[in-house]
Amino acid sequence: MTAELAADPGSLVFLELGETLRRRGQPEVALKVAAAGTARYPSLADAHDLLARIYSDLGDGEAAFDSWMDALQNDPAHLGAHKGLGFLYFRSGDLPRALRHLELAQSGSDDAGLARAAARVRAAMMEGGASGSSAPASNAVGQDLPFSLDDSVVSQPAEASGPEDELFLGFDGARDGLLLLDQNGLRLGGGLRDSASRDVSDAAAAHLSGVSREAARTARLLELGAWLSVAAECGTGNLHLSAPSDDTVLLTTRDASVPAARLAVIAERAGAAARRWLERVA
Amino acid sequence: MTDIVVTLDRVSAIRGVRGAMLVSASDGLVIADSLMDGVDGQAVAALASSLMGRLRRTTQAAGMPAPEIMHLKAERGSLLAVPAADDVLVVAVTTADANLGLARLEMLEAARALV
């Protein structure tokens, strides 16, 4: 990723690189990567969210607070920012505001960990917990946290048990909103579930290879050059189809709270992860 | 028909839009168009309806609602399609630097006007 970013400083790979460095316990290096990326993409909420998590790791709650607020300015429904602010407000003892942000995060996610966190904050409020109203300071209150920041910001697969599970490791929707398939419509990794949580990966994959071929044909015959993506807004959800390599197709889906342009950014990051995975397993 | 042409002209007037048209979704034939020279309307109509049909079958298999907007992005431009009432698609072809946000809004408006 470092080489990729050096070759193309404008690449969005800085998001993944910064997150990886943060998780490896190199927050100072991660901070440089995230700060440079945020300067380049000042309206990208994900960049501010990454910066905030690094500041939080460094114990700078005020800077983390500012960065998450910046994320919300660019995307008022940003899940990570609401989770992070909920975390900071809880830590500072401002339970009503913590709960408000956790509930806003919950409105855009069915993450069970978030529901548990909100329930614990409600229980703490019922027990007469602190309810100050000031902006959160760093590491202010020593009470137990309802969830860890890492768990709250990026949903983790339970455990990576094989190469396929490593494909979208760390990505939100790794098993229900990201699907990689080959040219013949066969699933390579990831997964897709419908609104009733039924696995529809194979059914979708069987149709998707046809869509990608049709997209390539259309772009060629209309003299538009190579096709890059097909995006569709479908009422309750959005989908994005791209080709991480010449012989694979990647489907990325999210609910309608994720705008199509942001879905394209997520798809680009997932596509980069898919390319690295394909190189490893080849 | 005049209203339809005016609607299509409004889409075509957006920066980077090379043409807009109404297409029969089921057979891919042109109903009305407002195209710049050099744009093959019949090819656009046939390809857009075919791609939208495949996409619709895919979303159905994935348990998602039918597409309300489709955007094929390619190196040198885009193809946009919005289903309207009565088996009709509003379709536009754009350059790579087109104002896609405005085109999207005008196409949705055009589709609503056809209901």
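Of the 115 residues of chain B, 46% count as buried, a residue being buried if 20 or more other C-beta atoms, placed from the backbone, lie within 10 Å of its own. This is a predicted model, in which local features need pLDDT of at least 70 and side-chain atom pairs count only at pLDDT 80 or more, while totals for chains, interfaces and linings use all residues. Residues are numbered from 1 along each chain as its sequence is written, and chains are lettered from A and ligands numbered from 1 in the order in which they are written.

Chain B has 3 helices and 5 strands, in the order α-β-β-α-β-β-β-α from the N terminus; helices (H or I, at least four residues) and strands (E, at least two) are DSSP runs numbered from the N terminus. Among the contacts in chain B with a separation of 6 or more, 49% join residues 24 or more positions apart, where contact means that the C-beta atoms, placed from the backbone, lie within 7 Å.

The contact between the chains takes 32 residues from chain A and 29 residues from chain B. On the side of chain A that touches chain B, the following elements each supply at least two residues.

| Element of chain A | Residues |
|---|---|
| α11 | 201-221 |
| β3 | 227-233 |
| β4 | 237-242 |

The largest share of that side, 11 residues, comes from α11(A). By class, the side divides into 19 nonpolar, 9 polar and 4 charged residues, with Ala, Val, Leu, Ile, Met, Phe, Trp, Tyr, Cys and Pro counted as nonpolar, Asp, Glu, Lys and Arg as charged, and the others, Gly among them, as polar. Strand β3(A) also pairs with strand β3 (residues 69-74) of chain B in the antiparallel sense over 6 bridges, pairing requiring at least two DSSP bridges between the strands; A:Ser229 has B:Lys73 as its bridge partner in β3(B).

Within chain A, helix α2 (residues 13-23) is largely enclosed by the rest of the structure, because 9 of its 11 residues are buried. The buried residues of α2(A), including A:Phe14 and A:Arg22, pack against α1 (2-7), α3 (27-40), α4 (45-57) and α12 (260-281) of chain A. After α2(A) comes A:Gly25, whose phi is positive, near 80 degrees.

Helices α7 (residues 95-107) and α8 (residues 112-126) of chain A have axes that come within 9 Å and cross at roughly 155 degrees, the axes being lines fitted to C-alpha atoms over the stretch in contact, with angles from 0 to 180 degrees between N-to-C directions. The two helices α7(A) and α8(A) are therefore roughly antiparallel to each other, a label given to angles over 145 degrees.

Terms used. Contact = placed C-beta atoms within 7 Å. Buried ≥ 20, exposed ≤ 12 C-beta atoms within 10 Å, placed from the backbone. Parallel < 35°, antiparallel > 145°, perpendicular 65-115°, else oblique.
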